[in-house]
Amino acid sequence: MSTPYDTYYQSPNLFGAPHEELVSFFSHCEPRKKILDLGCGQGRNAIPLAKMGHQVTGIDTSQIGIEYMLNLAQGASLRVEGIVGDIHQYDQYDTFDVILLDSMIHLTEKERPKEFQFLTRLLNSIKPHAWLCICMKNYPRQNQAKVLSQFISKIKGIVKIFETEFPYKFEDKASQHISVTPYKMLVWEKQSFMKGR
């Protein structure tokens, strides 16, 4: 089944380079991690993470995006796997050290119940000492990162270990439109098997 992103991903490297903050954070991780990139697109994060020595699996609904990522990985002899599928249907989180969600959590009024339900299931499923890393828009008035942090703080056994903010610059090469969006990167660690809210 095709998705709108199959059309978007006809453009190489649609979303540009990965966030410098994300690259810096994972470049200092030892030992190297087994990372699940949910909504990986064309491998914007998966490829540089694999170049650091991390083992990366990317999931995306776009077959075109996954094929683009795997072609890049194969050309550079990188350890990257790709799965075409819905991230909300995936349930094998407990085999990974890190779950990455870049620009996948939005917290609009309409999306919030579904996203909170998804994150609760995810955090209850990951193994002890695994990380959840989220990069997201964080407009001053909505303060999405604060809303998210308040929600996750109520889930037992989950502790925030990192937070930083930065501007995300996106350039649409086709229209030459440039936008700069305030972003935050947040990382939580699961401390125990405790479940529930």
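Helices (H or I, at least four residues) and strands (E, at least two) are DSSP runs, numbered from the N terminus. With that in hand, let us walk through this structure together. It is a predicted model, in which local features need pLDDT of at least 70 and side-chain atom pairs count only at pLDDT 80 or more, while totals for chains, interfaces and linings use all residues. Residues are numbered from 1 along each chain as its sequence is written, and side-chain values use heavy atoms, with hydrogens and water left out.

Seven strands make up an open sheet with mixed pairing, in the order β3-β2-β1-β4-β5-β7-β6; two strands pair if DSSP finds at least two bridges between them. At the edges lie β3 (80-84) and β6 (158-172), each pairing on one side only. Inside the sheet, strand β1 (residues 34-38) runs parallel to strand β2 (residues 55-60), and five bridges join them. Here Leu36 stands opposite Thr57 in β2.

Lys169 counts as exposed because its relative accessibility is 56% (exposed means over 50% relative accessible area, buried under 20%, and partly exposed in between, with a 1.4 Å probe and protein chains only). Setting aside neighbours within four places in sequence, Lys169 is in contact with Ile178, Ser179 and Val180, where contact means heavy atoms within 4.5 Å. The C-alpha atoms of Lys169 and Ala17 are separated by 9.7 Å, though the two residues are 152 apart along the chain.

Next comes the interior. A nonpolar core is a set of buried Ala, Val, Leu, Ile, Met, Phe, Trp, Tyr and Cys residues joined through side-chain atoms within 4.5 Å. The largest such core has 29 residues, of which Leu38, Leu101 and Leu132 touch the most other members. At least two residues each come from β1, β4 (98-102), α5 (112-125), β5 (131-137), α6 (144-152) and β7 (177-190), and α5 gives the most, with five residues. A second, separate core holds 28 residues, including Phe25, Ile35, Trp131 and Phe166.

Finally, what about disulfides? If a disulfide is a pair of cysteine sulfur atoms within 2.5 Å, the count comes to zero. Cys133 is in no disulfide, and its nearest cysteine sulfur, that of Cys135, is 4.7 Å away. Cys133 is buried, with a relative accessible area of 0%, and Cys135 is buried with a relative accessible area of 0%.
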